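Please look over the predicted model shown here before reading the notes that follow. They are grouped by topic.

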Amino acid sequence: MNYIIFGGSGFIGTHLIHLLNELKKDSKDNIFCLDLVMPGEEGVVPGIVEKNDGVNYVRLDVRKKIDFEFEPTKEDIIFNLAAVHRTPGHESHEYFETNILGAENVTAFAEEKGINKILFTSSIAPYGAAEELKSEKTLPTPNTPYGISKLVAEKIHAIWQAKGAERELTIVRPGIVFGKGEHGNMTRLYNAIKGHYYFYAGRKDTVKACIYVKELVQFIKYRMIDNSFKGTDVLNCTFEPAYNIEQICNSMMKATGLSYKIPCVNGKLLMFAARLMAPFFAKKGIHPDRVKKLMVSTNISGKKLADSGYKFHYGIEESFSDWYFDCDKKGLF
């Protein structure tokens with residue numbers, strides 16, 4: 001069989017390929033990593049410079065018709081991880097071009113090759129920014145180009161599934177995904193705490209739904225390889241219950257041996273300062289939208305995942321400890 005991973009050179013894709021490659025050591029399964037960039041090139045997971053033995057790397061653009069050489073089988077699985085996702089960071093049209101056209105082209109490829117099993121990594125962004133707890137039954141109200149594009153992409157995949165009763169579609173909506181190679185929110189948080197310049201933005205109880213990348217790819221394996229079902233299913237991928245920022249900071253410090261009494265700074269003052277500084281320090285991540293994100297909860301229910309039969313391997317502190325160990329206890333990067 002073939003594991004076909006669109007966006008395989010990205011953060012989640014790199015970890016998924018590592019796991020799948022371990023599984024196939026004694027089998028004839030083929031892994032295809034399909035992406036615009038290859039390991040070692042600018043734009044991929046920092047520190048991943050070598051290609052994995054036994055993995056087929058194919059450079060392609062999901063915004064265009066998909067075509068590459070392989071022998072399809074009835075057991076093939078598509079993992080569609082390809083996306084423009086960092087926000088802020090892109091023009092609005094870039095989210096729509098990659099995320100929507102990519103969904104159309106990936107599902108058309110599945111249709112053409114007779115592939116009946118797709119996992120699509122969406123996001124919690126379709127829920128929109130609000131304090132209320134959100135489950136898979138919550139009506140999505142996206143308020144960013146990224147969130148809108150992801151919701152449309154979900155619908156495109158669902159239309160593909162509805163055309164064939166034998167088709168299987170899993171849509172996962174991960175919270176903040178963290179782990180080795182992310183170089184994103186959690187890495188910045190660690191560096192700020194370590195440098196004693198982190199502060200709580202307006203409050204300490206902001207809920208930040210998140211999941212460890214190794215946990216996410218283990219669940220993807222459980223869902224797509226260890227189980228089978230017909231139809232479409234949507235699952236939030238987060239710890240249950242979701243942690244607030246104070247709990248995350250305390251767990252991170254305990255796991256990595258840091259000690260810092262984190263101050264809390266007035267939110268209105270922060271927004272004013274961010275607007276003044278953004279033109280000069282945007283490349284360092286100082287932007288009003290980022291500050292606003294710090295002060296608004298991503299309060300996402302992971303109960304459906306917790307009740308699905310899947311058993312978590314890590315808690316929040318164990319996740320940070322494992323990540324710290326993977327970095328030779330030199331930091332979180």
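**Cysteines, a helix and a loop glycine**

With a disulfide taken as a pair of cysteine sulfur atoms within 2.5 Å, the count in this predicted model comes to 0 disulfides. Cys210, for instance, is in no disulfide, and the nearest cysteine sulfur to its own, that of Cys249, is 11 Å away.

**Cysteines**

- The sulfur of Cys327 has its closest cysteine sulfur in Cys210, at 17 Å, which is too far for a bond.
- Cys210 is buried, because its relative accessible area of 1% falls under the 20% cut-off.
- Cys327 is likewise buried, with a relative accessible area of 2%.

**Helix α1**

- Helix α1 covers residues 11-23, and at 1.5 Å a residue its 13 residues should span 18 Å, which agrees with the 19 Å that separates its end C-alpha atoms.
- The helix is mostly covered, in that 10 of its 13 residues are buried.
- These buried residues are Phe11, Ile12, Gly13, Thr14, His15, Leu16, Ile17, Leu19, Leu20 and Asn21.
- What covers the buried residues of α1 includes the strands β1 (2-6), β2 (30-35), β3 (55-59), β4 (77-80) and β8 (176-178), together with the helix α5 (213-224).

**Packing of α1 against α5**

- The axes of α1 and α5 are 9 Å apart, and the two helices pack at an angle of about 55°.
- On the α1 side the contact is made by Phe11, Ile12, His15, Leu16, Leu19 and Leu23, while on the α5 side it is made by Val213, Leu216, Val217, Gln218, Ile220 and Lys221.

**Gly128**

- Gly128 lies in the loop that runs between β5 (117-121) and β6 (130-134).
- Although it is placed in a loop, Gly128 is buried, because its relative accessible area of 17% is under the 20% cut-off.
- Leaving aside its neighbours within four places in sequence, Gly128 is in contact with Lys134, Thr141, Pro142 and Asn143.
- Gly128 and Ile148 are 20 residues apart along the chain, and their C-alpha atoms are separated by 9.1 Å.

Key. Residues are numbered from 1 along each chain as its sequence is written. This is a predicted model: local features need pLDDT of at least 70, side-chain atom pairs count only at pLDDT 80 or more; totals for chains, interfaces and linings use all residues. Side-chain values use heavy atoms; hydrogens and water are left out. Helices (H or I, at least four residues) and strands (E, at least two) are DSSP runs, numbered from the N terminus. The expected span of a helix is 1.5 Å times one less than its number of residues. Buried means under 20% relative accessible area, exposed over 50%, partly exposed in between (1.4 Å probe, protein chains only). Contact means heavy atoms within 4.5 Å. Axes are lines fitted to C-alpha atoms, for helices over the stretch in contact, and angles run from 0 to 180 degrees between N-to-C directions.
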